[in-house]
Amino acid sequence: MVVGVSSHFTPNSFSAFNTIESVWSGEIATSFDGGNGTKENPYLISTGEELAYFKFMIEKDEGNSYCDKYYVLTSDINLGNLFFDPIGDDSQTFNGVFDGQGYTISNAKMDFVTNIDNNLYSGLFTKTNDAT
């Protein structure tokens, strides 16, 4: 077990904030860790399952009730080298606030890339609009 800041995490390692990092199971949570999506009380995301729930809610959000909310990471998230497609699509653009608070989302496999002027890009979000 490693204590302190490390650029390499294992399922049982400690992060810089001394929280045990868990590895994503590939499942989707049924709720966030807390919050209501406001600036004062953002939705809390602490696991890979909750990150997958965030992705699910953004992509299935027909009324755009989740696309413009506030979200905060509360721990490092290890996606366990599982495939994680970027959040959103052409019809569901994220335009909210996603605050990583210095935490890391690591070990994601992404096979989705965007080609812009012969440059390939991939990231956590497919498409954003005035997001921070």
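Residues are termed buried when their relative accessible area is under 20%. By this criterion, Y71 and F94 are both buried in the predicted model. The two residues form a tilted aromatic pair, with ring centres 5.9 Å apart and 55° between the planes. Y71 belongs to strand 2 (residues 70-73), whereas F94 is located in the loop between strand 3 and strand 4 (97-99), so the pair ties together parts that are 23 residues apart in sequence.

In total, the structure holds 14 aromatic pairs. Another of these is formed by F54 and F125, whose ring centres are 6.1 Å apart; the planes meet at 85°, so this pair is edge-to-face. Because F54 lies in helix 1 (residues 48-59) and F125 in the segment after strand 7 (119-121), the contact ties together parts that are 71 residues apart in sequence. F54 has a relative accessibility of 0% and therefore counts as buried. Y71, F94, F54 and F125 are among the members of one aromatic cluster, which also includes F32, Y43, Y53, Y66 and F98.

The relative accessibility of N78 is 4%, so N78 counts as buried. The N78 side chain reaches the backbone nitrogen of G80 at 2.7 Å. A polar contact also links the side chain of N78 to the side chain of N107, at 3.1 Å.

Terms used:
Residues numbered from 1 in each chain as written. Predicted model: local features only at pLDDT ≥ 70, side-chain atom pairs only at ≥ 80, totals over all residues. Heavy atoms only, no water. Buried < 20%, exposed > 50% of the residue type's maximum accessible area, 1.4 Å probe, protein only. Polar contact = N/O pair within 3.5 Å; in protein donor to acceptor, adjacent residues only side chain to side chain. Phe/Tyr/Trp six-rings, centres within 6.5 Å; stacked < 30°, edge-to-face > 60°. Helix = DSSP H or I, 4+ residues; strand = E, 2+ residues; numbered from the N terminus.
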